[in-house]
Amino acid sequence: MEVRPACEAPESLLAPLKAVPEMISRIYSLLGRINRQINKTERQTERQRLVSRPVNVDLVVTKACNFACVFCKDYETPDGSPRISLDNVRTAAKQLFPYAQKLNICSGGEPYLHPQLEDILRLAKRYGLFTWVLSNGSVMNEIRTRTMVREGLIDEHGFSIDGYHPETVKAIRIHADLERILRNIERLQRIKREENKAKPKIIIRYALMRTNIEELPLAVKRWGDMGIDEIQAVYVSLANDMDKDLSLFYHQDLLEEYFAKAREAADEYPALKVRLPALIKEDRQIQTPKMCRAPWSFVMIDTNGDVLPCYRSFEALRPGNLYGPGADSFSRIWNSKPYRELRRTVNNDHLKKYFPYCRECENRYRWGSENAHLGDKHWMEVLGEDWLPGDIDHRRQA
């Protein structure tokens with residue numbers, strides 16, 4: 001007769017315990033599907049008071065960054081900069097993650113400067129969330145990268161690299177070492193092969209401006225040769241007193257020429273998806289604004305717990321706080337008067353907008369106007385003194 005050690009339980013008794021995480025995951029998956037359906041209906045009918053919760057959550061885990069990007073609006077030097085605690089992540093997670101579909105970690109500073117990034121992502125995965133992380137790619141190492149890949153913590157991993165030549169990248173993302181970043185991406189690819197993992201999908205973010213538009217076809221070739229999955233190019237939003245001439249609004253012939261060359265280069269790499277924004281002249285021809293989904297489907301939580309309805313709210317529109325002084329429950333914040341007024345007015349162009357920038361936000365009205373490219377200076381002009389608590393220029397002086 002087999003004699004088991006006193007500390008060893010029979011497999012038949014352990015089986016139900018092993019099934020518990022899977023059962024919990026299924027419950028969260030069901031909650032998420034139900035919430036998404038209700039959310040879709042409430043968004044389509046433009047309800048102001050919601051039963052559903054946001055399906056897309058953006059968590060700012062740190063304001064620390066080791067770069068000083070010329071167009072960045074919201075970061076600080078690494079020493080002493082704010083970052084979210086794991087306890088506060090749990091506070092947000094309990095109220096948001098069971099209903100959400102996706103967690104974004106792409107705002108604020110460099111996420112790998114948060115020492116508990118892996119724990120934050122593990123928590124998201126317990127709730128079954130799709131995870132997107134955007135990094136400058138400079139501080140990743142073998143151990144952390146292998147952990148991310150082996151545990152499947154990141155579904156899509158973005159790298160912000162705006163150019164082909166090292167000097168171009170460094171001029172835009174001050175302190176960037178392109179060769180080191182490329183080595184870190186190659187390490188990620190190697191570890192994916194070694195661990196026999198398909199994820200994370202690797203995406204390059206390319207902020208388009210006058211100084212790097214001519215390098216876009218070369219960048220497409222580089223990423224195609226490296227086997228990168230996708231390039232996402234976006235127009236730069238000027239900030240920090242950047243020269244207006246850097247905006248491609250003033251160089252539309254050049255923009256059109258190099259978009260064509262980039263697409264031609266992409267034809268050699270069928271596996272590489274190249275996402276370019278619409279040409280400015282094309283956006284100018286579209287009269288019907290997009291429907292804004294953010295007040296129904298999206299929420300951003302800052303490091304201090306402030307709730308932000310969208311990426312254009314910045315310091316100005318913060319309906320409540322989840323875990324700072326005077327913290328409130330998310331359900332009360334979500335259906336507070338500011339949120340209800342935002343939902344009532346954001347897509348109705350016959351009404352005065354509750355948040356003034358909604359009347360010309362590029363996410364609704366596209367990039368066809370000059371103002372859409374002028375960034376934080378125009379944003380402040382539109383909002384005026386009544387909405388602005390202070391300067392939004394957080395750029396570190398390099």
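In this predicted model, Glu142 is partly exposed, with a relative accessible area of 29%, and Arg187 likewise counts as partly exposed at 22% relative accessibility. These two residues form a salt bridge in which the closest N and O atoms are 3.6 Å apart; because Glu142 lies in helix H4 and Arg187 in helix H6, the pair ties together parts that are 45 residues apart in sequence. Both residues also belong to a network of salt bridges that links Glu142, Arg146, Arg150, Arg187, Arg190, Glu194 and Glu195.

The two helices joined in this way, H4 (residues 142–150) and H6 (residues 178–194), pack at an angle of about 50° with their axes 10 Å apart, which makes H4 oblique to H6, and their crossing is right-handed. The contact involves Glu142, Thr145, Arg146 and Val149 on the side of H4, and Arg187, Leu188, Arg190, Ile191, Lys192 and Glu194 on the side of H6; by class, these comprise 3 nonpolar, 1 polar and 6 charged residues.

Helix H4 also meets helix H3 (residues 117–126), the axes coming within 11 Å and crossing at roughly 5°, so that H3 is roughly parallel to H4. Here Leu117, Glu118, Leu121 and Arg122 of H3 are in contact with Arg144, Thr147 and Met148 of H4, a set that divides into 3 nonpolar, 1 polar and 3 charged residues.

Across the whole structure, 31 salt bridges are found. Among them is the pair of Asp162 and Arg173, whose closest N and O atoms are 2.5 Å apart; Asp162 is located in the loop between strand S5 and helix H5, and Arg173 in strand S6. Asp162 is buried at 0% relative accessibility, and Arg173 is buried with a relative accessible area of 10%.

Methods
Residues numbered from 1 in each chain as written. Predicted model: local features only at pLDDT ≥ 70, side-chain atom pairs only at ≥ 80, totals over all residues. Heavy atoms only, no water. Axes fitted to C-alpha atoms, helices over the stretch in contact; angles between N-to-C directions. Helix = DSSP H or I, 4+ residues; strand = E, 2+ residues; numbered from the N terminus. Parallel < 35°, antiparallel > 145°, perpendicular 65-115°, else oblique. Left-handed = near helix turned anticlockwise from the far one by under 90°. Contact = heavy atoms within 4.5 Å. Nonpolar A, V, L, I, M, F, W, Y, C, P; charged D, E, K, R; others polar. Salt bridge = Lys/Arg side-chain N within 4 Å of Asp/Glu carboxyl O. Buried < 20%, exposed > 50% of the residue type's maximum accessible area, 1.4 Å probe, protein only.
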